[in-house]
Amino acid sequence: MVDKLHLQQLKKDIEALKGEKVLIRANKGRKKMIEVEGILENTYSNIFVVKFPVDRECKQFRCVTYTYSDLITNTVEIILCRTNTKVGVM
């Protein structure tokens with residue numbers, strides 16, 4: 001179980017990664033997993049935004065929001081590309 005202090009620390013950890021290149025692994029249900037590299041664009045009190053290119057030329061971008069509870073429940077994983085380390089609840 002994650003208490004309030006762990007959640008606050010998780011939010012601070014994600015906030016510190018703003019602007020970093022990350023790999024997102026998300027469970028989309030029915031055995032569907034996606035893996036996409038993007039930039040951690042912004043953080044808010046309940047969500048964080050990841051921006052990733054739609055095409056190979058990086059001319060169009062898509063922003064996807066995830067909640068901190070997605071990280072806690074392991075529905076979403078964030079891996080920092082620079083160091084190849086997983087960010088989240090341990």
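A salt bridge is defined here as a side-chain nitrogen of Lys or Arg within 4 Å of a carboxyl oxygen of Asp or Glu. By this criterion, the whole structure contains six salt bridges. The model is predicted, so local features need pLDDT of at least 70 and side-chain atom pairs pLDDT 80 or more, while totals for chains, interfaces and linings use all residues. Residues are numbered from 1 along each chain as its sequence is written, and side-chain values use heavy atoms, without hydrogens or water.

**View 1. Salt bridge between Arg 25 and Glu 35.** The closest N and O atoms are 2.8 Å apart. Because Glu 35 lies in strand 2 and Arg 25 in strand 1, the pair ties together parts 10 residues apart in sequence (strands are DSSP E runs of at least two residues, helices H or I runs of at least four, numbered from the N terminus). Glu 35 is exposed, at 54% relative accessible area, whereas Arg 25 is partly exposed, at 29% (buried, under 20%; exposed, over 50%; partly exposed, in between; 1.4 Å probe, protein chains only).

**View 2. Salt bridges of Glu 77 with Arg 25 and with Lys 86.** The N to O distance is 3.6 Å for Arg 25 and Glu 77. This pair links strand 1 to strand 5, 52 residues apart. Glu 77 and Lys 86 also meet at 3.6 Å, N to O; Lys 86 is partly exposed, at 44%. Through shared partners, Arg 25, Glu 35, Glu 77 and Lys 86 form one network.

**View 3. Surroundings of Ile 24.** Beyond four places in sequence, Ile 24 has contacts (heavy atoms within 4.5 Å) with residues including Val 50, Tyr 66 and Ile 78.
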